[in-house]
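Thanks for making time this morning.

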Amino acid sequence: VKKVTLRYWEKSFGEFLQPDRTDSQRRAYTMADLEMIDSIKKLLEEEHLTNQGVRLRLGQENCRF
């Protein structure tokens, strides 16, 4: 995934994707962040959902846990 796409997803899906920052303000992605990125990518590219559809689907999945 390109950097510009990641930045856009961080803004669009901020409630689900919030990477930590290092002391020098670089993003530090956890395994959970990487799994969320993979989920977002699959929902957008394979299931052809809109951003709103992705947010709804991710919200439903988070309610299960």
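**Salt bridges in the model**

At 13% relative accessibility, E10 counts as buried, where buried means under 20% relative accessible area, exposed over 50%, and partly exposed in between, using a 1.4 Å probe and protein chains only. Before I continue, please note that this is a predicted model, in which local features need pLDDT of at least 70 and side-chain atom pairs count only at pLDDT 80 or more, while totals for chains, interfaces and linings use all residues. Residues are numbered from 1 along each chain as its sequence is written, and side-chain values use heavy atoms, with hydrogens and water left out.

E10 meets R7 in a salt bridge at 4.0 Å, N to O, the term meaning a side-chain nitrogen of Lys or Arg within 4 Å of a carboxyl oxygen of Asp or Glu. Both residues lie in helix 1, residues 3-12, and are 3 residues apart, about one turn of the helix; helices here are DSSP runs of H or I with at least four residues, numbered from the N terminus. R7 itself is partly exposed at 27%, and R7, E10 and R27 are linked in a network of salt bridges.

How many salt bridges does a search of the whole structure find? The search finds 4.

Another one joins D38 and K42, with the closest N and O atoms 3.3 Å apart, and these two are 4 residues apart in helix 2, residues 31-45. D38 is partly exposed at 37%, as is K42 at 40%.
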